[in-house]
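Me: Please go through the ligand shell and the aromatic contacts of the following entry.

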Amino acid sequence: MALLEVHDLRTQFRSRAGIVQAVDGVSFHVDEGEMLALVGESGCGKSVTAQSIMRLVPTPGGEIVGGQVMFKGRDILTMPARELRSIRGGGISLVPQDPMTSLNPVLPIGRQITESLKVHLGLRGAAARARAVDLLDMVGIPAPATRLRSYPHQFSGGMRQRVMIAMALSCDPSLILADEITTALDVTIQAQILELLKRLTRELGTAVIFITHDLGVVAGMAERVNVMYGGQIVERATTVDLFDTPRMPYTWGLLGSVPRLDQPRQGKLRPIDGYPPNLAEPPPGCRFAPRCAFRRDVCLEEPPALVSVPAADGRIQEARCWGMREPGDGGWLRGQSWRAALREQNREQNEVHHA
Ligand SMILES: Nc1ncnc2c1ncn2[C@@H]1O[C@H](COP(=O)(O)OP(=O)(O)O)[C@@H](O)[C@H]1O
Ligand SMILES: [Mg+2]
């Protein structure tokens, strides 16, 4: 049994522009102790997926309208409040993007950690303080006993993110949701924090949903990747297969805009032209079709399903793309090399620019 099984999750927001389908039929699973990546550009529904897993969708306006979130075999979306509290306090923890919005600026760090230990584990006094010192030490904060008296603003960005990781681990969760935890940090600090998260969760056997907009940081972190676009999963594969044989042009685009350390650089990096769809009015066909250089009529008219395609060594990966169907069944992108396709796309665009 998977640790977490998300099935056909649907979360909406009511807005002036209409109903925003932020998460629209998302299914995936996370195994015990696994690090799973959830990748996509901004506005694709990654954070709302994480919020929905903990039933923390902002209200009023936000609502989970369908699906199941099975955690250790129990559906979080329908469980009683009491059980939900125990999951939020121990089963699943969230490491947020911006520690400053989650830490209380007027309380010393130590108080915030011991308070959480009191609420969730019933630890008090010297026992709670000792555990807080251990936690800060574990995440590599020097002089932890002294640092307990510091306020959040007295820590650097990287140190604050270490404190957040310590707090997330304090109640010994089975699953951590790490939502863009290094986005605000510079590259060197980012690498240190990612290494820390990877090492600690491996040692403790904690599963992680690692959320990022940057496919470049996924290699070396996660074993499997889910690519999200327009509120849906559009491609799913092992990290190796995703980098070697990405199937969907959206993933090609993400890779095209990612610096690859293991490949000589081919020309200049370019992001994907255009913007993710407005989820109050998603395109009727494939949600990526309006930006896709490889689209055909069917792409603009009918939404494609997530289908299985063969990957290396008998593995399968999945892609939501009309160009990926069986040969003879309109699968015009099947077997095409993404590097060749991107080169061709770049060449055509250069010609347009020079015309
Ligand atoms: N609190 C909210 N109120 C209204 N719309 C929201 C709210 N949070 C997110 N959304 C919308 O839901 C969609 C997905 O957002 P989000 O999950 O935050 O994207 P990501 O984390 O991938 O950048 C976006 O269209 C966003 O505008
Ligand atoms: Mg987000």
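Predicted model: local features only at pLDDT ≥ 70, side-chain atom pairs only at ≥ 80, totals over all residues.

Reply: Residues are numbered from 1 along each chain as its sequence is written, chains are lettered from A and ligands numbered from 1 in the order in which they are written, and side-chain values use heavy atoms, with hydrogens and water left out.

Me: How much of ligand 1 does the protein bury?
Reply: Accessible areas come from the Shrake-Rupley method with a 1.4 Å probe; for residues, only the protein chains shown count as cover. Ligand 1 taken alone exposes 560 Å², and the protein buries 66% of that.

Me: Which element gives the most residues to the shell around ligand 1?
Reply: A residue is near the ligand if one of its heavy atoms lies within 4 Å of it, and 13 residues surround ligand 1. Helices (H or I, at least four residues) and strands (E, at least two) are DSSP runs, numbered from the N terminus. Two or more shell residues come from β2 (18-30) and from α1 (46-53). With 3 residues, the element that gives the most is α1.

Me: Which residues form one aromatic cluster?
Reply: Rings of Phe, Tyr and Trp (its six-membered ring) pair if their centres lie within 6.5 Å; planes under 30 degrees apart count as stacked, over 60 as edge-to-face and the rest as tilted. Y229 and F288 are edge-to-face, at 5.3 Å centre to centre and 85° between the planes. The centres of Y250 and F288 are 5.2 Å apart with planes at 65°, so this pair is edge-to-face. The cluster consists of Y229, Y250 and F288.

Me: How many residues apart in sequence are the parts that Y250 and F288 tie together?
Reply: Both residues are buried (under 20% relative accessible area, against over 50% for exposed and in between for partly exposed; 1.4 Å probe, protein chains only). Y250 lies in helix α10 and F288 in the loop between α10 and α11, so the separation of the parts in sequence is 38 residues.
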